[in-house]
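Subject: The structure we talked about

Hello,

Here is the structure I promised to pass on. Have a look at it first, and then read on for what turned up.

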Amino acid sequence: MSTAKKEYKRVTVKSLVDMKKHGEKISMLTAYDYSMAKIVDSANVDVILVGDSASNVMAGHETTLPITLDQMIYHATSVIRAVERALVVVDIPFGSYQSDPKEALRSAIRIMKESGAHAVKLEGGVEIKESVKRILNAGIPVMGHLGLTPQSIYKFGTYTVRAKEEEEAKKLIEDAKLLEKLGCFAIVLEKIPADLTKKVSESISIPTIGIGGGKHADGQVLVIHDLLGMTHEFNPRFLRRYMNLYEEMGSAISQYVTDVKSQDFPNDDEQY
């Protein structure tokens, strides 16, 4: 396989398939607001995920379940305004697609029309088959999500590694093949054994994006707040922190407070 890197002025769903074909790994990060999305896009990240993880890192909820469709559209709209290169994918939130394929389509259409997003992401396999079909039939690109699916956390009862047992691993491979057959353009594989990620990635032609899935995925995704070290309580094995902004920002803010209290800020050069 060639690892020559092609320059993409604008990343599309076709670009991701081409990247897999040519052995180029796909970079993906979350963003939820204009300022952060501007920075992420400028760094040439291939895919920006407006994730329902906004429920955790932006709103402080324990799970992704509370965030609403209106809130996801708000975050997506803010991100879209900033992006010039990356493909923007938006999570359809819990309760907006699982039980009724018609509702799933309505939710996807609202996201696309009201935010200007490029694609949507849904969690699950055969259980959401009809919802995926209906959305795809409307011409809306769909990214799948298998393995640990956070919207089903109360079903699992834990955030532990999924598909370690043969039966669940077999179902995951079958679900991945199904999602490919239906027409999904990529699949996120969350917190599954690396060997299983390798099997899935080799058994389908569309890209796999890992988060806790090991190095054999066709790309990787992290939550931007975790990568930058803005969060500090969350420490899974798969997370690599590239900065420690929690401490750096805290230190800077503390210095500001000190400077204000001591009347050092503003100084003569910082006033009119």
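A salt bridge here is a side-chain nitrogen of Lys or Arg within 4 Å of a carboxyl oxygen of Asp or Glu. By that rule the structure holds twelve salt bridges. Please keep in mind that this is a predicted model.

Let me start with the salt bridges. Lys14 pairs with Asp18, and their closest N and O atoms are 3.0 Å apart. The two residues are four apart in helix 1, so about one helical turn separates them. Lys14 is exposed, with a relative accessible area of 56%, while Asp18 counts as buried at 17%.

Glu84 is exposed at 56% relative accessibility, and Lys38 is partly exposed at 31%.

Helix 2 (residues 34-42) also holds Asp41, which counts as buried because its relative accessibility is 7%. Setting aside neighbours within four places in sequence, Asp41 is in contact with Ile48, Ala82, Val83, Glu84, Arg85 and Ala86.

Back to helix 1 (residues 13-21), where Ser15, Leu16, Asp18, Met19 and Lys20 are buried. The buried residues of this helix pack against strand 1 (26-30), strand 2, strand 3 (87-91) and helix 9 (194-203). After helix 1 comes Gly23, with a positive phi near 75 degrees. Lys20 turns up again among the contacts of Asp218, which include Glu24, Lys25 and Ser201 as well. Asp218 lies in the loop between strand 7 (208-211) and strand 8 (219-222) and is buried at 12% relative accessibility.

In strand 2 you will find Leu49, buried with a relative accessible area of 8%. Its contacts, leaving out neighbours within four places in sequence, are Met28, Leu29, Thr30, Ala31, Val89, Asp91 and Lys121. The C-alpha atoms of Leu49 and Val221 are separated by 8.6 Å, although the two residues are 172 apart along the chain. Ser53 is in the loop between strand 2 (47-50) and helix 3 (54-57) and is buried too, at 13%. Not counting residues up to four places away in sequence, Ser53 touches Thr30, Tyr32, Thr64 and Val223.

Met249, Ile253, Tyr256, Val257, Val260 and Phe265 form a nonpolar one, with about 530 Å² of accessible area together. Met249 belongs to helix 11 (residues 245-261) and is partly exposed at 39% relative accessibility. The other patch carries negative charge and gathers Asp264, Asp268, Asp269 and Glu270. Glu270 is in the segment after helix 11 and is partly exposed, with a relative accessible area of 44%.

How values were computed:
Residues are numbered from 1 along each chain as its sequence is written. This is a predicted model: local features need pLDDT of at least 70, side-chain atom pairs count only at pLDDT 80 or more; totals for chains, interfaces and linings use all residues. Side-chain values use heavy atoms; hydrogens and water are left out. Patches are made of residues with over 30% relative accessible area and no salt bridge: like charges are joined within 9 Å, nonpolar side chains (Val, Leu, Ile, Met, Phe, Trp, Tyr) within 5 Å. Accessible areas come from the Shrake-Rupley method with a 1.4 Å probe; for residues, only the protein chains shown count as cover. Buried means under 20% relative accessible area, exposed over 50%, partly exposed in between (1.4 Å probe, protein chains only). Lys and Arg count as positive and Asp and Glu as negative; His and the chain ends are not counted. The place of a charge is taken as NZ of Lys, CZ of Arg, CG of Asp or CD of Glu. Contact means heavy atoms within 4.5 Å.
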